[in-house]
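This report covers the disulfides and part of the strand pairing of one protein model. The sequence and structure come first, followed by the details.

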Amino acid sequence: MKTFLSSVAMLALTIGPVLADYPFEGEWAYDCEMAAGDLVPTVIADGQVLYYESECSIDDVAAIGSGDQAWNLKMTCAGEGEVWTRSVLFAVERGNQGEPLQLIEVDLEAGYVLARDRCDRD
């Protein structure tokens, strides 16, 4: 039994973080109708962030504070033949009913800030 539990624990450590449902998951864009080009929506799902011409695997997520509105993410990214790591802050602006309306992304290394609207609202 100990061997089985040890094997399960090792498997959990090797597959990366299991992501819960976070409010930053979904489809986000400056213009949700944009179908082509570098302003296409960014899609965040299943531990992946899909940008235009690159994608990132989320390696770690740490909540900032207790408000369920901001997270520090560590990611490994690839695109255009290169691989790099990123540290970003995701913050979600919520509406009156608590629904996620806007995603603010802060690149903690390069220092740029992006704000995108939620595209996949019900």
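## Disulfide C56–C77

C56 and C77 form a disulfide, with their sulfur atoms 2.0 Å apart; the term denotes a pair of cysteine sulfur atoms within 2.5 Å. The torsion about the S-S bond of C56 and C77 is about 105°, so this disulfide is right-handed. C56 sits in strand β4 (residues 54-63) and C77 in strand β5 (residues 70-79), 21 residues apart, and the pair links distant parts of the chain. Strands (E, at least two residues) are DSSP runs, as are helices (H or I, at least four residues), and they are numbered from the N terminus.

C56 is buried at 1% relative accessibility, and C77 is buried with a relative accessible area of 1%. Buried means under 20% relative accessible area, exposed means over 50%, and partly exposed lies in between (1.4 Å probe, protein chains only).

## Basis of the model

This is a predicted model, in which local features need pLDDT of at least 70 and side-chain atom pairs count only at pLDDT 80 or more, while totals for chains, interfaces and linings use all residues. Residues are numbered from 1 along each chain as its sequence is written, and side-chain values use heavy atoms, with hydrogens and water left out.

## Disulfide C32–C119

A search of the whole structure finds two disulfides. One of them joins C32 to C119, at an S to S distance of 2.0 Å. The S-S torsion of C32 and C119 is about -85°, so the disulfide is left-handed. C32 lies in the loop between β1 (26-29) and β2 (42-45), and C119 in the segment after β8 (113-118), so the pair ties together parts that are 87 residues apart in sequence.

C32 is partly exposed, with a relative accessible area of 29%. With bonded cysteines counted along the chain, the disulfides follow the pattern 1-4, 2-3.

β2 and β3 run antiparallel and are joined by three bridges; two strands pair if DSSP finds at least two bridges between them. I44 has V49 in β3 as its bridge partner. The two strands form a hairpin with two residues between them, and D46 in the turn has a positive phi of about 55°.

β3 pairs with β4 in the antiparallel sense over four bridges, and the bridge partner of Q48 in β4 is S57. This hairpin also has two residues between its strands, and E53 in the turn has a positive phi of about 65°.
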